[in-house]
Amino acid sequence: MSTFTTAVLFVIALWWLGTGLVLVLQQRLNSASRLNKIALACATLVSLSGIYITSTSLSESAQFFGFTSAVVLWGCIELSYYLGFITGLHCRPCPENVTTWKRFRLALGASIWHELLVLSLGFILIVSQHDAINTIGLNTYLVLWLMRWSAKLNLFLGVPNFSTAWFPERLEHVASYIKTGSISPFYFISVLGASTIAVQLLHKANQIDVQHPYLYIMPAVLLILAVVEHLFMVVPFQDLKMWNRVFNSKT
């Protein structure tokens, strides 16, 4: 099996499995359980350690483990929000007939602690890996971070197709900040920008003198999957069906 095929299949499998686990765990775990909070904190520390440890080696196993650690770290961050551990200043639904700026401030307030957590962990990774030889963990985190913010902004500005059926009851207020309607110019900018970067990464990985193509292929494939998720916002496709049957999701 070629290097490219191996990387693509691994990234797709991990993306599908990770997304499915987050969807089912945020529905079934007890958000009030102290044990769940401790377990999530431990998983976060382990994944951070995995990124740091693998950053000193360019072996194939280190690259795969570094990528996996970053995906697990992101899953922990997402669960901390969906389980209500780290959210925001309030859980109020958006009032009717408010200005766009006020709606933005309220939406940000509903998840501000979560956004600061993402920023803080990103800063830690950037500082700790400024001279790393294996940056796949950092690059993976940056892809997930920037594309998540892109998705949130697009949902705020308006998309024609997005299902909130998978939101747990504790986050029902979040749906009120999502605008259903025509897409904004930012959508085209974000999709085009991400697609351009993905193509550049794949081109870099395909160059003859590149000795470690996984460093570029795996973040590129993840970026392409993020673009596909953006496309789901504008086409009438029920993406949750890709996980419901296997994970027996309640959505």
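Student: Is C76 buried or exposed?

Tutor: C76 counts as buried, at 6% relative accessibility. Bear in mind that this is a predicted model.

Student: How many disulfides does a search of the whole structure find?

Tutor: The search finds 0 disulfides. C76 is in none, and the nearest cysteine sulfur, that of C42, is 10.0 Å away.

Student: C94, then: buried or exposed?

Tutor: C94 has 14% relative accessibility, so this cysteine counts as buried. The cut-off for buried is under 20%.

Student: Switching to aromatics. How many aromatic pairs turn up in the whole structure?

Tutor: The search gives 10 aromatic pairs. One of them is W74 with Y141: the ring centres are 5.5 Å apart and the planes stand at 80°, so the pair is edge-to-face.

Student: Where do W74 and Y141 lie?

Tutor: W74 is in helix α3, residues 60–82, and Y141 is in helix α6, residues 136–157. The pair therefore ties together parts that are 67 residues apart in sequence.

Student: Are W74 and Y141 buried or exposed?

Tutor: Both W74 and Y141 are buried.

Student: What about W145 and W149, how are their rings arranged?

Tutor: The planes of W145 and W149 are at 85° and the ring centres 5.5 Å apart, so this pair is edge-to-face. Planes over 60 degrees apart count that way.

Student: Which helix holds W145 and W149?

Tutor: Both lie in helix α6, 4 residues apart, or about one turn of the helix.

Student: And what is the relative accessible area of each? I mean W145 and W149.

Tutor: W145 has 10% and is buried. W149 has 31% and is partly exposed.

Student: Which residues form an aromatic cluster?

Tutor: F10, F64, F67 and Y214 form one cluster.

Student: Last topic, charges over rings. What does R103 lie over?

Tutor: R103 lies over the face of F156, and the distance to the ring centre is 3.9 Å.

Student: And K152, which ring is that over?

Tutor: The ring of Y81: K152 lies over its face, at 5.7 Å from the ring centre. The cut-off for such a contact is within 6 Å of the ring centre and within 35 degrees of the ring normal.

How values were computed: Residues numbered from 1 in each chain as written. Predicted model: local features only at pLDDT ≥ 70, side-chain atom pairs only at ≥ 80, totals over all residues. Heavy atoms only, no water. Disulfide = S-S within 2.5 Å. Buried < 20%, exposed > 50% of the residue type's maximum accessible area, 1.4 Å probe, protein only. Phe/Tyr/Trp six-rings, centres within 6.5 Å; stacked < 30°, edge-to-face > 60°. Helix = DSSP H or I, 4+ residues; strand = E, 2+ residues; numbered from the N terminus.
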